[in-house]
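Colleague: Hi! Could you walk me through this model while I have it open?
Modeller: Happy to, let me put it up.

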Amino acid sequence: MVEALSDKALFVISAGNSFTRETIGSPGCAPSALTVGAIDRDGNTASFSSRGPSPDGHSAKPDIASQGVSVVAAASGGLGDTAYRVYSGTSMAAPHVAGGAAIVMQARQDLTPKEIKDVLTSSVFSGDSHVLEQGAGAMNIDRAIDQAIVAPANRELGYFDSATNNEFTETQITLTNTSDESIKLKLKLDLIGEDGKTQLPATLAGLDIKSVTIPAKGVAQVPMWIDPSVALNNSAYGAITGRITGTTVGNTDQQVTVPVSFWIDQPHVNLTVNLTDRWGNQAGSPSKLYLINEEDDWGSLVRLTGGKANIDVPAGYYTLIANIMTYDNPQTSSGLVESAAQMAVLNRKIDGKTEINFDARNAQPVTFKADQPLEPQGYSFGFTYAIDDQEVAKLAAIEMAPDYVNDMYAWSQGHDDRFRSFITTRAVAPETTVTMQNGVELDYIKQGLALSFHGEGSAEVVPVGDAGYSTDWSQFELDGKIALIANPNYLTSYMVGNAMKHGASGVIFYRPGRGGRYKGAITGTPKVPVIGISTEQGEALMAEIEAGNNIVSWSGIAAERSPYAYSINHIVDDRIQSGQINIAEHKMHKISASYHSQNDERPAWTDVMAMTNSTGEFYSTGSSQLIMLPHQRDEYYTASTKNAWTNVVMPNYQIQSAGAYFDGPRAMTEGAEQSTTWFKGPRAGSLGSSGSAIINRDTNVLYFNLASFGDAANHDGIFGFMGSSAFGLKVNSEPASPYQGTLTLEPGSHQITLEMRSYARGVGERSPINDKLGSLYQGFYTFTADEQQQGVQPILVPMVDLPVDINNSMKAGEAAQVKLTGLLDGVGEVALADVQLQYAYGQECTIANVAAYIYCPVSTKFSSENWLDAQVEHIDGEWVATIPNTGNVGDFVHIRTIVSDYGSSQAEQITMRAYMLD
């Protein structure tokens, strides 16, 4: 469209804010567009401003530059103190140029849109900035209004492909004089390589004349020559840019700037890279190779064929990273990855035919040592690479190694200060050892979502064949014994279920004749341990059983019951580190965590997401980790300004169906200690744990970022398909509907009421996860909004500290002292002016006047008339309510809380089935 309408309008378009080269995309890359880069008040290119050339790799962009850093602008809807805002970006620079173009167009109404563009680029302030950053230079409106000498904007003088066009070339630049007098100019040409740093030899290009006279109302040609055969530094090749500047000879004040460019293909060389795994075989999938050109600021994933890459690359300096996965047997057609190796050659000059070999056998182990013994539950590893001089924009790549990957290796050669490597893991206590009767320890992996062996014990192992549909299970005496399944293809929940039905106390699985290990897809969590071993160990075990040695013993702690967990992110700049990594616990952030249940033992799953600069969040291992509730453990986290963590705790392994609770992302503090709970009631309102405001105000616009609900520790949660959440809004008691997460207010003060509602679709036996608690939460949050209260809005959330046990229960007949506090968004805990708490007993799941469709064990709905007032006292600066718990054993306790602060904020929350009586 820009090109199609270029004869009718001048399109002034921002270059973009992508920091680095060749990032000016559509529509800014259109030849007819006047594309604008951003500069600061000192004329320096803004770090964020996108650089040229265009995506075609050779056309010079941007065309011009203007102020785009800390620009004061009128704020939409702003009043008084909020009438103006300070913003940065090329979108702030482009309006300056658009306004300048309008001024020139008004002053020189005879000019076409193209001529306006040429006038603006010809009349810029003098400077030596890189054309690929600022185009012709910084806009100068005063000069543009009277500019007499005009030249084409960003004239491309040639495209020299060394394979087809490398000949000496002569060309010329047209200068137009719009004045009534002839003008003589002294000429100068300055060129620079694409890297913006390399000065070019005088033999590369030049002007044939040192001055030129342009006749009145006429044109003159400036002859120029280019010799693309001249050898250059590798980093200089590509889009070579510069300016022809003309200044008047005499007393007149005339000058012209002519940005020019031409492209010379960089010499290419052949690069061969070989990847070898720890068996000595060519590395296969999922091994990967990354190639980064540090001079031209690009990186790519290289395709491997048979563990090898053979490519032609521009000569220059490169960093190569190889992630090599080695299987648990030499035949990669079966089995699982057993080890991962992160290897790198850093800042290697490649200026001729080169072969680089990455051999995982040369990599050294990476281990972690703490005060307590550790067993990693998989890994994630990767790198970031800064591709701009300010080291803000970065490439990033991450690999995940699930819990069946036993070992991590690393190796690097050279140094590169733009490179950062990282290895993350979550490690727990060493897992239970399982041993054959002959003393050989089984190297097992957990199967699907199953439990592991725990504690001390032994049992007879009974082979049951392939456990397929034709298996006659009645022939096996399995009561209290371990079923050994030998299926050449897979392990299923059906097989495990049949073993359990016939009394098996555990299952061991292997694939005969296949080689390596296997991890079955078992849905649900069987109540007996299920482990898998390699083909080799399975056949050895079978031989032992046939020889009469049919006892397997175990000793230790299952991973899901570990008393501690370490979340480690080992970050190293400019290289990759191998060896033993010593973990100093006193420098980590320690959290003592209690995972609550509901008067039963039930599984939950945890994921820990890490984040380092420019990676975004990623899973710290390749597997979610099972944890059996109720459970208490100490959790340790790497505390660094380079890293942040997010905890994800799920009642079911599928977050889409059962939802989750979240904590983060947040940076941990070195040496800090705290405690927290998960799944503790009541399920109610939450401010969220990431630090984002629930409602944020900018001028007269409210922005909403709502947490569906939270637990007692203020971990924000979502329901997934097993529940439903909604919200409503009133402004001055009238319903209001935000549009795309925003609401615009009229001037003045307004009373805002936010209603939050979340409920489970099924409760108790009608819940896929047997969730009996928190069947419905409803909250009303009211505050006064006015233009003086910008930023975080004062949402007040009651925090109800129920003294429940780790099963979310209290004893029937024993009164409970409930502490109540208030959290104000953006502030933290605040003093409360008034507190009320009501309670009721029963089996109901919802309230009579609330639209919520819940499959509840009882059909009756709770009537608001049945609320009972709790005694509330203000004791030693704390609000304490007494719930007598006089309901029957097996009853649930519903609670309703109403609080207000000393400002304009108040809240009302209802939780059905907040806790149980036993």
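Modeller: Here is the chain, and we can go through it one region at a time.

Colleague: Great. What kind of model is it?
Modeller: It is a predicted model.

Colleague: And how many helices and strands does the protein chain have?
Modeller: The protein chain has seven helices and 63 strands. Its C-alpha atoms fill a box of roughly 105 × 75 × 50 Å along the principal axes.

Colleague: What share of the residues is buried?
Modeller: Of the 918 residues in the protein chain, 56% are buried. As for contacts with a separation of 6 or more, 74% are between residues 24 or more positions apart.

Colleague: Let's look at the helices. How do helix 1 and helix 2 cross?
Modeller: The axes of helix 1 (residues 90-107) and helix 2 (residues 113-122) come within 10 Å and cross at roughly 115°. That makes the two helices roughly perpendicular. The crossing is right-handed.

Colleague: Which residues make the contact?
Modeller: Helix 1 brings Ala101, Val104 and Met105, and helix 2 brings Ile116, Val119 and Leu120. Those residues divide into six nonpolar, no polar and no charged.

Colleague: Okay, and how many residues of helix 2 are buried?
Modeller: Eight of the 10 residues of helix 2 are buried, so helix 2 is largely enclosed by the rest of the structure. The buried set is Pro113, Ile116, Lys117, Asp118, Val119, Leu120, Thr121 and Ser122.

Colleague: What do those buried residues pack against?
Modeller: They pack against helix 1 and helix 4 (141-146), and also against strand 2 (34-39), strand 3 (64-67), strand 6 (149-150) and strand 14 (255-264).

Colleague: Nice. Changing topic: how many residues of strand 41 are buried?
Modeller: Eight of the eight residues of strand 41 (residues 643-650) are buried, so strand 41 is largely enclosed by the rest of the structure. Asn643, Trp645, Asn647 and Val649 point one way, while Ala644, Thr646, Val648 and Met650 point the other way, and all are buried.

Colleague: Which way do its partner strands run?
Modeller: Strand 37 and strand 41 run antiparallel and are joined by eight bridges. There, Ala610 has Trp645 of strand 41 as its bridge partner. Strand 41 and strand 42 also run antiparallel, joined by four bridges, and Asn647 has Asp663 of strand 42 as its bridge partner.

Colleague: What about phi at Asn599 and Thr699?
Modeller: Phi of Asn599 is near 60°, a positive value in a residue other than glycine. Phi of Thr699 is likewise near 60°. Asn599 lies in the loop between strand 36 (589-595) and strand 37 (602-612), and Thr699 in the loop between strand 44 (695-698) and strand 45 (701-704).

Colleague: Is Thr699 buried or exposed?
Modeller: Thr699 counts as buried, at 5% relative accessibility. Asn599 counts as partly exposed, at 39%.

Colleague: Last one: what does Gly842 touch?
Modeller: Leaving out residues up to four places away in sequence, Gly842 touches Asp891, Phe892 and His894. Gly842 is in strand 58 (residues 832-842) and counts as buried, at 9% relative accessibility.

Key. Residues are numbered from 1 along each chain as its sequence is written. This is a predicted model: local features need pLDDT of at least 70, side-chain atom pairs count only at pLDDT 80 or more; totals for chains, interfaces and linings use all residues. Side-chain values use heavy atoms; hydrogens and water are left out. Axes are lines fitted to C-alpha atoms, for helices over the stretch in contact, and angles run from 0 to 180 degrees between N-to-C directions. Angles under 35 degrees count as roughly parallel, over 145 as roughly antiparallel, 65 to 115 as roughly perpendicular and the rest as oblique. A crossing is left-handed if the near helix is turned anticlockwise from the far one by less than a right angle, and right-handed if clockwise. Contact means heavy atoms within 4.5 Å. Ala, Val, Leu, Ile, Met, Phe, Trp, Tyr, Cys and Pro count as nonpolar, Asp, Glu, Lys and Arg as charged, and the others, Gly among them, as polar. Buried means under 20% relative accessible area, exposed over 50%, partly exposed in between (1.4 Å probe, protein chains only). Two strands pair if DSSP finds at least two bridges between them.
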